[in-house]
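Hi everyone, thanks for coming along.

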Amino acid sequence: MKRICNKRAFVTALVTTVLAAACFAAAFVQRQLRFALGGLLLLVWSASAFYSAFHKETLENTDVQTDERDRYIAMKSSKGALQIVNGLLGAGGFVCIVLSSVLQSNILLAIGATLCAVLVVLFFILLACNIYYEKRN
């Protein structure tokens, strides 16, 4: 029997398997296709998580094989992607808030507030990751 290499992926696999079983049970009881499709997606996610739980991480080995230029390119591309996502979330949120005041629509206000909340959550996640990696490296 193989040993668990990634505990986080194993826990994710167990949780998604339980959720997939609950979705299939709900699909059986209520006879609705959306629960079966959700269960199928969760089952695929569970299979992927089980695979990564029992196989070695490839990211640990690639750190030794990469040079400074590759690391620099990876950092620049991730920074650029983060700036694009920040811009899209901020612009989308503020446009929805302005449109909600112009059109008197509560749905646009909820969408704008959600996008702004996602932007704030993204900031705190970035801050936590930055603090984590500054202490580890």
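Before I point at anything, one term: a residue is buried when its relative accessible area is under 20%, exposed when it is over 50%, and partly exposed in between, with a 1.4 Å probe and protein chains only. Those areas come from the Shrake-Rupley method, and for residues only the protein chains shown count as cover. What you see is a predicted model, where local features need pLDDT of at least 70 and side-chain atom pairs count only at pLDDT 80 or more, while totals for chains, interfaces and linings use all residues. Residues are numbered from 1 along each chain as its sequence is written, and side-chain values use heavy atoms, with hydrogens and water left out.

Let's begin with a loop. R31 sits between helix 1 and helix 2; helices here are DSSP runs of H or I with at least four residues, strands are E runs of at least two, and both are numbered from the N terminus. With a relative accessible area of 66%, R31 is exposed. Its phi is positive, about 55°, although R31 is not a glycine.

Q32 belongs to the loop between helix 1 and helix 2 as well. Because its relative accessible area is 31%, Q32 is partly exposed. The Q32 side chain makes a polar contact with the side chain of R34, at 2.7 Å. By polar contact I mean a pair of N or O atoms within 3.5 Å; within protein, one must be able to donate a hydrogen and the other to accept it, and residues adjacent in sequence count only if both atoms are side-chain atoms.

Now to the helices on either side of that loop. Which residues make the nonpolar surface patch? They are F24, L33, L37, L40, L43 and V44, and the patch covers about 570 Å². Patch residues have over 30% relative accessible area and no salt bridge; nonpolar side chains (Val, Leu, Ile, Met, Phe, Trp, Tyr) are joined within 5 Å, like charges within 9 Å. A salt bridge, for the record, is a side-chain nitrogen of Lys or Arg within 4 Å of a carboxyl oxygen of Asp or Glu. Helix 2, residues 33–53, gives the largest share of the patch, with 5 residues. F24 lies in helix 1, residues 7–30, and counts as partly exposed because its relative accessibility is 34%.

Is S46, also worth a look, buried or exposed? S46 is in helix 2, and at 3% relative accessibility it counts as buried. Leaving aside residues up to four places away in sequence, S46 touches A13, T16 and T17, contact being heavy atoms within 4.5 Å.

Let's move on to the loop between helix 4 and helix 5, where we find Q104. Q104 is exposed, at 67% relative accessible area, and has a positive phi near 55° without being a glycine. S105 is in the loop between helix 4 and helix 5 too, and is partly exposed at 22%. At the start of helix 5, a side-chain oxygen of S105 reaches to within 3.5 Å of the backbone nitrogen of I107.

Finally, helix 5 itself, residues 106–136. Its 31 residues reach 45 Å from first C-alpha to last, close to the 45 Å expected at 1.5 Å a residue; the expected span is 1.5 Å times one less than the number of residues. L108, G112 and C116 are buried in helix 5, and the cover over its buried residues includes helix 4 (68–103).

Key. Areas by Shrake-Rupley, 256 points an atom, 1.4 Å probe, with all protein chains shown as cover.
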